[in-house]
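Subject: Structure for you to look at

Hello,

Here is the structure I said I would pass on. Please open it first, then read the notes below it.

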Amino acid sequence: MSTIKEVMMSLPSIFKPEKAKGWNRVILFDLAGQEPSKWTLTVENGVATVEEGATKTPKLTISGNSEYIVQMFTGEVPPMKLVNAKLLKMQGPMMDSIAFSGLWNIPKKG
Amino acid sequence: MQTGILSYGVALPKYRIEAAEIWKIWKNISTSFFDMLSISERGVLGPEEDTLTLAVAAARTALERSGLVPEKIGAVFLGSSTSPYATKAAATVMVDALGLPSSALSTDIQCADKSGSTALWLAAGLIEAGLVEYALVVAADTLNRHTQPGMVLEYVASAGAVAFVLGKEGCIARLEGMATHAHDQNDYFRTEGERFIQPGAGFYGWVANWGLLDHVVPAGKALFEKTGLTPADFSKFAVPQKTGVRPLMTMGKLELDMMQVLPYVLTAQIGDCGAAGAMLSLAHILDFAEPGERVGVIDFGAGAGSDAWSLVCTDALAERRPENGLVIQLLEDKIMVDYATMLKYEQKLIQSPHRLSNFY
């Protein structure tokens, strides 16, 4: 299983820039569980960058256990399944939460 | 169709208030609704701002970007449900303020939140018929000034203006087709002599959006039928966005993909801009669109009616894409105010008639 650092640092490479034109947001991952940590994802002008720590004021905060984030971005479990099961919590405008889930080329696991 | 958009301009109030600031005063809604409805910030009018000042500011930008001399404008339409005048045209003030020719056919058009969309298509009809060469159309509203303190609409009621210069030559986006649907169904309204908008059916919950789907769905389906297009033929849609619920309802019932709609919903950033709402989303889309992209617009006005239309971006968009005054820049150019300042600026406080002169 990948580490949370590997997953977070891989986000820019699975980001769909064409879906994020004009969608500039700061997203904070506030994680507990196996690898407690904070990560700041900045989407600006069609580019996604990730920094460790809470470095900017977020518009959307995603909280939950780090292993669920790993499962989400590696395609083990669909994002909405994790949210609906309340294993991940998204705090911020619902529009942003849903749009966020469509910005990634998440591998499909058979 | 040969007619299309030559240029566009946007004006938003710089002052903003956070929904949480309003909630501190009234505590009349569960704060859990904020995220559910995508409510966060909304525009606050400056002390001397109104529908006309915003409309003129947006129109100035659109005219400047068009490169046309004012004498070329043959029609001036202001689409708004919150004109400063109950009787008297506001569009004629725009004619004077912008130095436009008196020979231009100038009038106000009112169909609630879709006033701008309807005005745009009336102007397009004149151009398509060869009656005028170019037209200036502005969608502008100040819902905030017309929302009573303590009413839950106060959390989103905002203001803004989006102006379009239309013509046949040099379009950055060519209009392709439209369909509309209207019958009487009363949700938000103001009757004669009233300042504040009344909610016919509440603010949140399914009933609050009574009328939306009864109009948006037939108008959207009629557009697809008339043009032979399917939702998959469009890259993006600008949709009604009073709160974040309306885009979801529109998207779901018309089977649009979430990524065609949701990234262009601006409710959380600026609130409900009324007639300028869906048009603001369209301007935001045009700021980043590419030549060849087909964009859909589905607008909804209380009372009620929906216009659904399509446009295709041309090669001229890449050459004449605005570099400044992008919607995203205007959204970030803001000054946050508290509740009392909002009340003062939106002229909702009982005031001394001598408030500016009683210093003796």
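**What was found**

In chain B, helix α7(B) is followed by B:E255, which has a positive phi, near 55 degrees. Please keep in mind that the whole thing is a predicted model.

Helix α7(B) covers residues 245–253, and several of its residues are buried: B:V245, B:R246, B:P247, B:T250 and B:M251.

Two packed helices are described by the angle between their axes and the distance between the axes. For α6(B) and α7(B), the axes come within 10 Å and cross at roughly 45 degrees. The crossing of the two helices is right-handed. On the α6(B) side the contact is made by B:L212, B:L213, B:V216 and B:V217, and on the α7(B) side by B:R246, B:M249, B:T250 and B:K253. Sorted by class, this contact has five nonpolar residues, one polar residue and two charged residues. An α-helix has 3.6 residues a turn, so residues three or four places apart point the same way.

Now to where the two chains meet. How many residues of each chain are in contact with the other? There are 15 in chain A and 17 in chain B. On the chain A side, the largest share comes from helix α4 (residues 94–101), with five residues. The residues on that side of chain A divide into seven nonpolar, five polar and three charged.

Last, chain A taken as a whole. Its secondary structure comes to four helices and five strands, in the order α-β-β-β-β-α-α-β-α along the sequence. Chain A is as compact as a globular protein of its length, because its radius of gyration is 13 Å and the globule rule gives 13 Å for 110 residues. The C-alpha atoms of chain A fill a box of roughly 30 × 30 × 25 Å along the principal axes. Of the 110 residues in chain A, 36% are buried. Among the contacts in chain A with a separation of 6 or more, 69% are between residues 24 or more positions apart.

Regards

Conventions: Residues numbered from 1 in each chain as written. Chains lettered and ligands numbered in written order. Predicted model: local features only at pLDDT ≥ 70, side-chain atom pairs only at ≥ 80, totals over all residues. Contact = placed C-beta atoms within 7 Å. Nonpolar A, V, L, I, M, F, W, Y, C, P; charged D, E, K, R; others polar. Buried ≥ 20, exposed ≤ 12 C-beta atoms within 10 Å, placed from the backbone. Axes fitted to C-alpha atoms, helices over the stretch in contact; angles between N-to-C directions. Left-handed = near helix turned anticlockwise from the far one by under 90°. Rg over C-alpha atoms; globule rule 2.2 N^0.38 Å.
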